[in-house]
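The entries follow the order in which I checked things.

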Amino acid sequence: MFIFASPNEKQVIKLHDKYFKPFISAEEIDEAVSRLAVEIAEDIGDEIPVFVGILNGSFMFTSDFVKKYPKPCEVTFIKLASYAGIKSSEDIQRLIGITQDLTGRTVVVLEDIIDSGRTMDEVHRIFENEKVKSLKIATLFFKPEAYKKDYKLHYVGIEIPDKFIVGYGLDYDGLGRDIPEVYQIKKTEHMINLVLFGPPGAGKGTQANYLKDKYDLVHISTGDVFRYNIKNETALGMLAKSYMDKGDLVPDQVTIDMLNAEVEKNADAKGFIFDGFPRTSAQAEALDALMNSKDSEIKAMIALEVDDDILVKRLLERGKTSGRSDDADEDIIRNRIKEYYEKTAILKNYYSAQNKYFGVDGVGSIEEITVRVSSVINSL
Ligand code: AMP
C-alpha cells in the first residue's frame with residue numbers, strides 16, 4: 001500500500017493498479033456497528049442467537065459486532081467459495097460450511113456488504129434446510145442502487161452508492177481487508193479544470209475561446225448561460241434578468257444549480273474552463289464539492305489583472321456592438337466592477353491559500369495575453 005502525501009490528494013491509497021480515497025471513517029463504522037448491535041439485541045430479547053459471519057469479508061464486522069452485542073450469543077462462520085478460473089458476471093459461488101445443528105434457533109447472518117445480492121440466494125438456500133426458527137439478515141454496508149433481489153434485509157448499517165469500496169474486511173484482489181476504515185475507488189482521470197478570473201471586461205471570454213481549443217476543454221461561462229436563458233425566456237432567465245440588469249449577482253443557489261447542470265451535460269469532458277464562476281465563497285465551495293464528486297479538482301485560478309479605467313473603456317466600447325444592456329451604461333459597469341471587488345476578489349485568497357492562484361497581466365494584445373496564460377497552464 002502506498003500513501004500519497006500531496007496536500008490535495010490527502011490519504012489516497014493505491015492497491016494493485018487502482019487508487020482509492022477515504023470514504024467512511026473508523027468512527028462512523030464503529031457507530032453503525034454499535035447501532036446494529038443495539039437494534040438487533042432489542043428485537044431478539046433474551047434468546048441466544050447464532051450469528052453467522054460470511055467469510056472472508058465479514059470477519060472484521062463480525063468480530064466488532066459480537067464484542068458490542070450486549071447479551072450472550074453464539075458465533076460461527078460460513079465461507080463463500082468462488083471457483084477460480086470461471087470469470088463471468090454470474091461467477092459460480094457457493095457457501096460452504098454450517099456444521100452445527102440450527103434447528104429451532106434464531107440465526108442472524110452478518111454480511112459486510114450487500115450489493116447485487118447474489119450471495120443472498122446461497123444464504124437462503126443453505127438455511128432453508130436447517131429448520132431454523134427465524135433467519136434475519138444484517139449487513140453493515142448496502143448498495144440500494146445495485147440490489148437486484150427481493151429478500152428482505154432486516155438490518156442495514158450504512159447505505160452507500162454503487163461504487164467499489166475496500167477496507168474493514170473488504171478487499172480488492174486480496175488487498176485492503178486489514179484497513180480499519182473504508183476507501184472508495186477513485187477514477188484515475190486527470191482533468192485540467194481552470195477558473196478564469198478577473199473583473200468584467202478583463203478578457204476572460206476572449207481568452208477562454210482560444211484556450212478551450214488549444215487544450216480541448218469545455219468552456220462554461222455562467223454569464224453566457226444566463227444570457228442564453230434570458231433570450232429563450234426560460235424561468236431561470238427571467239429570474240436572473242432582474243439581478244443582471246442592475247449589475248448585481250444572481251443568488252448563489254440558482255447559479256450553483258445551473259453550473260452543476262452544465263457540468264453534468266459534459267460528462268466526458270477532459271476538463272473545464274470556468275468563466276464568471278465562482279464569484280462567491282459559497283460558489284467556490286460548491287465547485288470544489290462538484291469537482292470532488294468527479295474525483296477531480298480545480299488545478300488553477302488564472303486571474304487577468306486590468307485597471308478599472310481600462311475596464312470601463314473596454315466595456316463601453318464592447319457595449320456599442322455586443323447588445324448587452326449591462327455594457328451600455330457606465331453606472332452599471334462601475335457597479336459590476338464594485339461587485340467584483342466586494343464579493344468576488346476574496347476568492348483570490350481562497351485559491352492563494354491552496355497555492356492555486358496565478359495572476360496574469362491582462363493588458364496587451366490578445367495573442368500576448370494568450371501566451372502568458374498558456375505558460376501558466378503548461379507549468380501546472
Ligand atoms: P458576466 O458575463 O460573467 O460578466 O456576467 C454577467 C452577469 O451575470 C453578472 O453581472 C451577474 O449578474 C450574472 N452572473 C454571471 N455569473 C454569475 C455568478 N457566478 N454568480 C452570480 N451571478 C452571476
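**Entry 1: the ligand shell**

I found that helix H5 (residues 222-231) gives the most to the shell around the ligand, with four residues; helices (H or I, at least four residues) and strands (E, at least two) are DSSP runs, numbered from the N terminus. I noted that this is a predicted model, in which local features need pLDDT of at least 70 and side-chain atom pairs count only at pLDDT 80 or more, while totals for chains, interfaces and linings use all residues. I also noted that residues are numbered from 1 along each chain as its sequence is written, and that side-chain values use heavy atoms, with hydrogens and water left out.

Which residues come nearest to the ligand? Of the 15 around it, I listed Thr222, Arg227, Asp248, Gly276 and Gln283, where near means that a heavy atom of the residue lies within 4 Å. Sorted by class, the shell has five nonpolar, five polar and five charged residues; Ala, Val, Leu, Ile, Met, Phe, Trp, Tyr, Cys and Pro count as nonpolar, Asp, Glu, Lys and Arg as charged, and the others, Gly among them, as polar.

**Entry 2: polar contacts**

I then looked up polar contacts (pairs of N or O atoms within 3.5 Å). Thr222 places a polar side-chain atom 2.7 Å from a nitrogen atom of the ligand, and Arg227 places one 2.9 Å from an oxygen atom of the ligand. From Gly276, a backbone N or O atom lies 2.8 Å from a nitrogen atom of the ligand. The protein covers 96% of the 480 Å² of accessible area that the ligand has on its own, by the Shrake-Rupley method with a 1.4 Å probe.

**Entry 3: the backbone**

I kept in mind that most residues other than glycine have a negative phi, and most peptide bonds are trans. Where did I find a cis peptide bond with omega near 0°? One runs from Leu55 to Asn56, and Asn56 has its place in the loop between strand S4 (50-55) and helix H2 (59-68). Another cis bond joins Phe277 and Pro278, with omega about 0°; Pro278 is in the loop between strand S14 (272-275) and helix H8 (281-293). Finally, I noted that Asp173, although not a glycine, has a positive phi of about 50°, and that Asp173 lies in the loop between strand S10 (165-166) and strand S11 (182-186).

Technical notes: Polar contact = N/O pair within 3.5 Å; in protein donor to acceptor, adjacent residues only side chain to side chain.
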